[in-house]
Amino acid sequence: MVFGQVVIGPPGSGKTTYCNGMSQFLNLIGRKVAVVNLDPANDSLPYECAINIEDLVKLSDVMIEHSLGPNGGLVYCMDYLEKNIDWLEAKLKPLLKDHYLLFDFPGQVELFFLHSNAKNVIMKLIKKLNLRLTAVHLVDAHLCSDPGKYISALLLTLSTMLHMELPHINVLSKIDLIESYGKLAFNLDFYTDVQDLSYLQHSLDKDPHSAKYRKLTKELCEVVEHYSLVNFTTLDIQDKESVGNLVKLIDKTNGYIFASIDASAVEFSKIAMGAPDWDYYRVAEVQEKYIKDDENIDD
């Protein structure tokens with residue numbers, strides 16, 4: 001069995017940064033990691049990419065050739081990838097023996113709650129390659145500072161969970177920056193546990209624009225509460241303990257911890273006993289230096 005993560009979320013939620021930091025952390029605890037970039041619009045990758053969809057199809061070429069905008073181009077690229085799934089399977093097979101997989105997907109949310117192409121790609125890989133994957137859905141924590149945006153994020157999260165049909169972990173990313181957007185109306189636990197959303201109504205009533213949609217908002221909150229599926233964990237990608245706690249949670253959902261309990265204990269003992277030498281930005285700066293050096297050599 002091969003384990004991994006499907007990293008999804010709206011634009012700006014920190015998916016590429018997450019893949020970069022997560023791959024560094026997993027390497028630190030002894031796992032061989034392969035990051036698979038399936039975002040044809042991401043032409044500036046901070047991490048070492050094992051497989052890149054741009055080797056198959058490029059968004060810029062699709063937009064020019066078919067006169068499509070960015071959104072339509074991404075849908076086309078996912079459809080093209082589904083029809084050429086054999087290409088991705090062939091690229092993945094050499095990595096299956098000893099690698100942990102991180103799939104970095106596009107940020108177009110329609111791909112994960114409306115269109116079926118991305119889901120079909122994942123399901124075919126799971127079936128043919130015997131993968132054990134967890135969907136890690138990133139949501140920018142700053143949305144908690146606006147009740148209306150927070151409810152929208154809840155609806156998107158619920159729709160994505162129902163559509164993808166994968167073990168699912170929802171993450172409030174950039175939690176270290178949440179205070180910079182102002183004081184929250186409630187404790188952080190209120191936003192992570194997603195319970196009794198009626199309290200949000202009082203905050204929304206203070207906004208004349210939101211107050212007009214009081215009944216609609218109430219009904220939407222009841223839908224979220226009725227399913228009782230959505231909750232969040234928090235993440236500061238710069239904090240080793242925060243990343244470690246998330247990895248433990250992911251390992252439970254995709255079964256990694258049960259397939260190799262002893263190995264998992266050894267991995268995290270390295271973090272507990274070792275010096276805190278994992279520094280996301282320090283490693284990122286070193287990578288950037290190497291990239292610049294390579295560019296100078298090419299020149």
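These legends accompany several close-up views of one predicted model. Residues are numbered from 1 along each chain as its sequence is written. Because the model is predicted, local features need pLDDT of at least 70 and side-chain atom pairs count only at pLDDT 80 or more, while totals for chains, interfaces and linings use all residues; side-chain values use heavy atoms, with hydrogens and water left out.

**View 1. Helix H1 spans residues 15-28 and is mostly covered.** Helices (H or I, at least four residues) and strands (E, at least two) are DSSP runs, numbered from the N terminus. The 14 residues of H1 reach 20 Å from the first C-alpha to the last, which is close to the 20 Å expected at 1.5 Å a residue, where the expected span is 1.5 Å times one less than the number of residues. Of these 14 residues, 11 are buried, a word that stands for under 20% relative accessible area, with exposed meaning over 50% and partly exposed in between (1.4 Å probe, protein chains only). Among the buried residues of H1 are Tyr18, Cys19, Met22, Phe25 and Leu26. After the helix comes Gly30, whose phi is positive, near 100°.

**View 2. Arg31 lies over the faces of Tyr100 and Tyr256.** A charge sits over a ring if NZ of Lys or CZ of Arg is within 6 Å of the ring centre and within 35 degrees of the ring normal. For Arg31 the distance from the ring centre is 5.2 Å at Tyr100 and 3.9 Å at Tyr256.

**View 3. Phe186 takes part in an aromatic cluster together with Tyr150, Phe190, Tyr191 and Tyr199.** Rings of Phe, Tyr and Trp (its six-membered ring) pair if their centres lie within 6.5 Å, and planes under 30 degrees apart count as stacked, over 60 as edge-to-face and the rest as tilted. The structure holds nine aromatic pairs. One of them is the tilted pair of Phe186 and Tyr191, with 6.3 Å centre to centre and 55° between the planes. Tyr191 is buried, with a relative accessible area of 2%, whereas Phe186 is partly exposed at 24%. Phe186 also forms an edge-to-face pair with Tyr199, at 6.4 Å centre to centre and 65° between the planes. Because Phe186 lies in the loop between strand S6 (168-173) and helix H8 (188-193) and Tyr199 lies in helix H9 (residues 198-205), this pair ties together parts that are 13 residues apart in sequence.

**View 4. Helix H7 (residues 147-164) packs against H9 at an angle of about 140°.** The two axes, which are lines fitted to C-alpha atoms over the stretch in contact, with angles running from 0 to 180 degrees between N-to-C directions, are 9 Å apart. H7 is therefore oblique to H9, since angles under 35 degrees count as roughly parallel, over 145 as roughly antiparallel, 65 to 115 as roughly perpendicular and the rest as oblique. Pro147, Gly148, Tyr150 and Ile151 in H7 meet Leu200, Ser203 and Leu204 in H9.

**View 5. Thr217 is found in helix H11 (residues 214-227).** Thr217 is buried, with a relative accessible area of 12%. Leaving aside neighbours within four places in sequence, Thr217 is in contact (heavy atoms within 4.5 Å) with Ile151, Gln201 and Leu204. Glu222 also lies in H11 and is partly exposed, with a relative accessible area of 35%.
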